[in-house]
Amino acid sequence: MKSSRIVKRMLAGYEADPPGVKANLARTLMTGKPAGSGRLMVLAVDGAPSADGFVSNPAAWDPHFAFALAVDGGLSAYAAPLGLIEAGADVFAGQVPTVLMAQVPAAAAGEGGGAPPLAATVEDALRLGCGAMGFVIETGAEEGLDLIEEVAQMREEAAAKGVATLIRCRAPREGGTVEAAVEAVRIAAMLGAHVIEAGPPPGPDRRGAGGSGSDRPASDAFGAARAAEIAEAMARCRRAAFAGRRLMLASVDGALGRDGDVDAAARSLGEGVGAVLGGEALGLPRDEALARIARLAKSMRGRGR
């Protein structure tokens, strides 16, 4: 596998990391439709029926549905909790890089919200052939400090064994601001995350691009004004990720409903920021989901590093 000049330049920013981590990052960056561009498209599934479209699309209850969507859609990676990865790791071995989300689905965190508890180990990631482990950190959550300590320890163990780390940042559910999102990214970078997903704060009367999108129209999430607002926030978050030396992602969930929303979502990512697809992709019929993913990939071209 050859790496593009852009990918080689990106990997040069990970000076302190062992070859195994860089190899896994390189494989992910050279996989799928964005291959070689320095950007990523990741399908991330948290396993909660209300968030992941399982009810609207019964086919999505089969764990192989999401795996196949990531492979056939030309995505860079597939991220999911332990059970979902285990259910397809053998059949889809080597077909798409996988990220083991170390926590249980968000719905299991309880009514109080906050980051879900840990439920997988680095050994699980190695056993299943995952190139990375993923964590969700919600700034402002009561258990945040304890979780950060645990994530730091697991990140160190994972890196020593060649496994990269993805941290999905979540700003406070109430009163979230761009500043809070930027601070969450800074914390993730300081923890040693190799890939960081930023969650923009909600816009007026919206849950924002970091939510599941189930309670707001896609056109409200990714109109032209909202896309520009998110792009500005993502630019600030990218600066917080060591001035772009760390791979950045942003959620475009809620944008797959209409062609115009898909294009606006691509614009909202801004320079050098990749896309995370979630529940909405699973809620669509397979052919329609693949068509929307292809359109998003096409819209993202030319906006890379």
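**Strands.** I looked up strand β3 (residues 98–101) and found it joined to strand β4 (residues 132–138) by three bridges, the two running parallel. Strands here are DSSP runs of E with at least two residues, helices are runs of H or I with at least four, and both are numbered from the N terminus. Two strands count as paired if DSSP finds at least two bridges between them. In this pair, Leu100 stands opposite Met133 in β4.

**Model and numbering.** I noted that this is a predicted model, in which local features need pLDDT of at least 70, side-chain atom pairs count only at pLDDT 80 or more, and totals for chains, interfaces and linings use all residues. Residues are numbered from 1 along each chain as its sequence is written, and side-chain values use heavy atoms, with hydrogens and water left out.

**Confidence.** I checked pLDDT (the predictor's confidence in each residue, from 0 to 100). The protein averages 84, and 80% of the residues score at least 70. Over residues 205–219 pLDDT stays under 50. Where pLDDT is low, the predicted coordinates should not be read in detail.

**Barrel.** I followed eight strands closing into a barrel in the order β1-β2-β3-β4-β5-β6-β7-β8, with parallel pairing.

**Helices.** I then looked at α3 (residues 63–72) and α12 (residues 286–300). Phe65, Ala68, Leu69 and Asp72 in α3 meet Arg286, Ala289, Leu290 and Ile293 in α12; contact means heavy atoms within 4.5 Å. I sorted the residues of this contact into six nonpolar, no polar and two charged. Nonpolar covers Ala, Val, Leu, Ile, Met, Phe, Trp, Tyr, Cys and Pro, charged covers Asp, Glu, Lys and Arg, and the others, Gly among them, are polar.

Technical notes:
Axes fitted to C-alpha atoms, helices over the stretch in contact; angles between N-to-C directions.
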